[in-house]
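Here's a quick tour of the pockets and the aromatic pairs in this model. Have the viewer open as you read.

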Amino acid sequence: MAEIGYKLICEEHGPNDLVEYARLADDSAFEFAMISDHYHPWTASQGESPMVWNVIGAIAQATDDLRLGTGITCPIIRVHPAIVAQAAATAAAMLPGRFFLGVGAGEQLNEHVTGHRWPEHEVRLEMLAEAIEIIRTLWAGETTSYHGEYYTVENARLFTLPDERPPIPIAADGPRAARFAAERGDGLVGVSPESDLLETFADAGGEGPRYGEVTVCYDEDADAAVERAHEIWPIEGLPGELMWELPTPAHFEQATRTVTEDEIEELIVCGDDADDHVAAIEEYVDAGYDRVVVHQIGSNQAEFVELYEESVLPSF
């Protein structure tokens with residue numbers, strides 16, 4: 001059995017809509033939610049990018065039972081890890097027992113905005129290791145000073161803390177990051193149904209939840225769903241490391257010009273066939289994920305939730 005969650009995409013929706021969708025998820029059979037943390041949307045057609053911590057505060061007041069995690073916060077360049085520690089501690093205090101901090105090495109799209117150099121992946125993992133150490137140390141509630149290779153913290157103490165420290169699952173897209181997640185995280189977050197990734201995580205001693213993310217586009221008109229997915233989420237067709245390396249939405253728009261609707265139809269489940277949606281999730285479950293969060297493209301979120309409650313979630 002797997003838990004199925006609901007993805008709140010800040011790149012597609014404004015803050016008030018995100019709060020409404022979180023309330024919708026809280027009232028539904030979805031068992032948790034994850035919310036993206038971006039400075040920019042991937043492309044201008046997505047059109048939004050509110051500050052995630054403001055939205056989380058509003059969600060805390062609008063929901064009763066929804067478990068919520070960031071997917072994914074990058075605490076290494078755009079925001080100092082001491083500030084992420086404070087933001088996450090406040091979120092966990094507002095969502096007692098139902099918040100987790102998903103972290104990762106980030107994308108240049110969001111992290112370059114403060115003018116700092118975008119380092120190679122190995123360096124970003126070194127920075128992430130320091131950042132996680134700082135966050136966990138500050139969560140202990142003691143006055144902290146830290147002088148590392150990448151970060152300095154001087155005489156910092158968090159006074160607002162949750163009763164229970166939130167877990168920190170770590171995003172991984174390859175074997176090095178999977179081993180890193182095993183060594184330093186409380187779980188793993190992945191975006192493709194690759195069993196090798198989870199095997200590497202397990203072989204390295206990884207424990208905790210294994211979150212997978214699947215993107216779908218529900219619509220009663222399958223052709224309309226393909227068209228919408230292609231317009232809003234063409235990045236699904238980008239190869240290799242472009243997702244982490246391109247710096248602006250304009251660059252993503254240039255890179256996705258060659259992505260066709262046929263390619264998107266192959267990559268994203270589009271339409272209202274519940275069996276297709278079940279199969280897309282099962283691919284992640286079969287790969288070893290025990291939690292799968294579903295990203296629905298578009299504003300028809302209520303109709304999507306209705307389909308899933310009636311015809312998809314009962315399968316899990």
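## The largest pocket

The largest pocket comes in at a volume of about 1400 Å³. This is a predicted model, where local features need pLDDT of at least 70 and side-chain atom pairs count only at pLDDT 80 or more, while totals for chains, interfaces and linings use all residues. Residues are numbered from 1 along each chain as its sequence is written, and side-chain values use heavy atoms, with hydrogens and water left out.

A pocket here is an open set of points on a 1 Å grid over the protein atoms alone, where a 1.4 Å probe fits, with protein on both sides within 12 Å along at least five of seven lines; lining residues have an atom within 4 Å of a point. Volume is the space filled by probe spheres set on the points, which are joined across faces, edges and corners.

Lining the largest pocket are 50 residues, and nearest its centre lie Asp173, Val191, Ser192, Met243 and Trp244. Among the elements giving two or more residues to that lining are helix H5 (121–139), strand E9 (210–217) and helix H12 (274–287); helices (H or I, at least four residues) and strands (E, at least two) are DSSP runs numbered from the N terminus. By class, the lining splits into 24 nonpolar, 12 polar and 14 charged residues (Ala, Val, Leu, Ile, Met, Phe, Trp, Tyr, Cys and Pro are nonpolar; Asp, Glu, Lys and Arg charged; the others, Gly among them, polar).

## The second largest pocket

Next up is a pocket with a volume of about 210 Å³. It has 16 lining residues, with Gly97, Phe99, Phe100, Glu164 and Pro167 closest to the centre. The class count for this second largest pocket is 10 nonpolar, one polar and five charged.

## Aromatic pairs

Now for the rings: the structure holds 10 aromatic pairs (Phe, Tyr and Trp rings, the six-membered one for Trp, with centres within 6.5 Å; stacked under 30 degrees between planes, edge-to-face over 60, tilted for the rest). One of them is Tyr6 with Phe30, edge-to-face at 5.5 Å centre to centre and 65° between the planes. Tyr6 sits in strand E1 (residues 3–8) and Phe30 in the loop between helix H1 (15–26) and strand E2 (32–35), so this pair ties together parts 24 residues apart in sequence.

Phe30 is buried, at 5% relative accessible area (buried means under 20%, with a 1.4 Å probe and protein chains only). Phe30 also pairs with Tyr308, this time stacked, at 6.0 Å centre to centre and 20° between the planes. Since Tyr308 lies in helix H13 (residues 301–312), that pair ties together parts 278 residues apart in sequence. Tyr308 is buried at 0%, and Tyr6 is buried at 1%. Ring pairs link Tyr6, Phe30, Phe304 and Tyr308 into a cluster.

Methods. Buried < 20%, exposed > 50% of the residue type's maximum accessible area, 1.4 Å probe, protein only.
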